[in-house]
2 protein chains.
Amino acid sequence: MIKDLYSKKKIASNWFETLQKIFLYEFQNIEINYAKKNKKKIKRFKIRNWKKSDTKEEGGGSSAIIKNGNVFDSIGVNFSEVRGKFNKKFKSQILGANKKPDYWASGISIVAHMKNPKIPALHFNTRFIVTKKEWFGGGIDATPSFQDRNEKINFHKKIKKMCNNHNKKYYLKYKKWCDKYFYLPHRKETRGMGGIFFDHKQKNWEKDFSFVRDVGLCFLDCAKDILENKIHKKWTLKQKNDQFIKRGRYVEYNLLYDKGTKFGLNTNGNTDAILMSLPPIAKWN
Amino acid sequence: MIKDLYSKKKIASNWFETLQKIFLYEFQNIEINYAKKNKKKIKRFKIRNWKKSDTKEEGGGSSAIIKNGNVFDSIGVNFSEVRGKFNKKFKSQILGANKKPDYWASGISIVAHMKNPKIPALHFNTRFIVTKKEWFGGGIDATPSFQDRNEKINFHKKIKKMCNNHNKKYYLKYKKWCDKYFYLPHRKETRGMGGIFFDHKQKNWEKDFSFVRDVGLCFLDCAKDILENKIHKKWTLKQKNDQFIKRGRYVEYNLLYDKGTKFGLNTNGNTDAILMSLPPIAKWN
């Protein structure tokens with residue numbers, strides 16, 4: 001059993017970094033294959049390594065982004081490992097940081113906004129955070145701009161199966177948490193078709209980490225499945241416009257409520273990496 | 001000297017309501033004249049009256065909006081007069097509300113996003129808020145998507161002149177406050193070309209109210225001047241695209257930091273009226 005914190009941090013952040021590489025490989029392939037098939041110019045991830053400050057002490061990350069791709073209007077696959085002290089205002093909002101504001105955090109975060117408006121926007125994140133407490137958090141969710149019952153059923157089925165491999169209670173608990181977390185109170189609507197969300201997971205490091213790894217691999221499975229099903233489907237300008245409007249809601253959610261965005265901006269993270277979650281174009285009608 | 005709170009509220013909210021009518025008349029005329037001259041279909045303000053709750057007790061407002069006009073891509077001219085109790089989390093952030101969360105608030109707020117990208121987005125707001133304390137707040141600011149030195153000089157000159165009629169110290173103080181208030185820390189940039197911003201103005205009700213009225217009339221003067229100067233200028237798609245990108249920053253500011261947006265959403269205000277500040281289209285590059 002891994003007891004020392006140093007190893008936990010190292011192992012967790014190594015996994016997130018490895019997972020980033022897996023996703024880059026997989027999503028790059030999808031973009032390449034589609035471009036080749038449709039005789040389009042291939043778009044590749046641009047990878048930027050950034051440091052939180054001039055010294056190495058506060059860590060940094062790697063932000064990989066495709067803009068204006070053939071499959072992805074935009075996609076960001078970000079890894080980070082950072083440390084520092086929370087500012088006065090923010091520390092009281094973070095578990096275990098009120099008295100001692102020091103933190104260490106590592107995670108992977110993916111947001112994909114699709115060119116084809118029939119394919120939902122996809123979001124995934126897992127993280128390990130250490131203050132005086134230490135915990136995992138994360139989730140998977142999808143945001144379509146129209147209802148697709150079968151897609152929703154398949155998506156939730158995959159997630160449920162993965163959850164059940166760990167604990168029969170996880171799926172329902174984390175599904176409800178997701179619905180609640182991604183609710184826009186001012187619109188009285190949920191962001192998308194749900195998924196799972198969990199935070200402050202701190203009971204059993206090995207088991208929790210095993211679950212966190214599977215959440216990542218499950219997202220890869222879901223994403224490939226959803227993309228394969230719809231990548232060649234035709235779409236109309238009306239559908240694209242509906243997608244732009246839905247993206248307006250996405251922007252509202254991310255800037256008004258999202259914890260990750262607030263965490264990033266409050267800890268002087270890399271702005272481009274944090275705001276890669278915003279779509280290339282959004283509309284308000 | 002007006003001492004009773006009832007009269008102050010009545011007089012202030014009457015002014016804000018009257019000013020809304022003045023602005024609707026003036027901006028509607030600008031839209032009509034431009035449409036006639038260019039043989040376009042005339043777009044008119046759609047006015048919606050809303051109540052904060054089913055009873056009359058919590059007040060409400062009037063939201064007037066043009067979408068997809070010939071001059072205005074979008075413009076909202078909102079008046080509201082509301083009362084209630086702040087929620088637990090929010091009350092500590094409001095002057096005089098920590099112990100007793102009751103509030104009354106009335107104000108007028110205008111945001112205009114222009115079709116012509118050479119014309120800056122314009123924003124104006126004045127308000128009178130009553131908790132255990134009572135104060136005026138407000139401001140004028142403009143957000144161009146490229147630098148226009150003369151426009152900036154003239155804009156600030158008008159505002160300075162108006163301020164100086166009240167107090168020689170106001171202009172510099174409120175100009176600095178504006179620059180600070182509309183700063184996007186994560187972008188390390190100011191939102192626009194500045195203007196004035198003030199809050200918690202509570203020294204002398206008559207004098208403060210007189211200043212607040214002049215801020216409104218000064219904004220009308222500035223807006224007409226800026227529009228007249230540029231309304232017929234030609235523009236390119238590149239300039240329009242730059243405007244969309246700048247609007248992305250505008251969205252970031254309003255959803256991440258703006259006090260008025262937070263106030264509105266935290267007090268269950270009318271979502272359409274609050275978010276009329278968001279542009280019809282924004283881009284992130």
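A salt bridge is taken here as a side-chain nitrogen of Lys or Arg within 4 Å of a carboxyl oxygen of Asp or Glu. The structure is a predicted model, in which local features need pLDDT of at least 70 and side-chain atom pairs count only at pLDDT 80 or more, while totals for chains, interfaces and linings use all residues. Residues are numbered from 1 along each chain as its sequence is written, chains are lettered from A and ligands numbered from 1 in the order in which they are written, and side-chain values use heavy atoms, with hydrogens and water left out.

Chain A contains eight helices and 10 strands, where helices (H or I, at least four residues) and strands (E, at least two) are DSSP runs numbered from the N terminus. The radius of gyration of chain A, taken over C-alpha atoms, is 18 Å, close to the 19 Å that the globule rule (2.2 Å times the number of residues to the power 0.38) gives for 285 residues, so chain A is as compact as a globular protein of that length. Along the principal axes, the C-alpha atoms of chain A fill a box of roughly 55 × 45 × 40 Å.

Over all chains, the search finds 44 salt bridges. In one of them, Lys230(A) pairs with Glu151(A), the closest N and O atoms being 3.0 Å apart. Because Lys230(A) lies in helix α5 (residues 205-230) and Glu151(A) in helix α3 (residues 149-164) of chain A, the pair ties together parts that are 79 residues apart in sequence.

Between the chains, 21 residues of chain B are in contact (heavy atoms within 4.5 Å) with 21 residues of chain A. The two chains bury about 1,800 Å² between them, 66% of it on carbon and sulfur atoms, buried area being the accessible area (1.4 Å probe) that two parts lose on being put together, summed over both. In chain B, Leu255(B), Leu256(B) and Trp284(B) lose the most area to chain A, together 31% of what that side buries.

Two salt bridges are found across this interface, and the side chains of Asp272(A) and Arg187(B) meet in a salt bridge with an N to O distance of 3.8 Å. Strand β10 (residues 281-283) of chain A runs antiparallel to β10(B), to which three bridges join it, strands being paired if DSSP finds at least two bridges between them. Within this pairing, Ala282(A) stands opposite Ala282(B).
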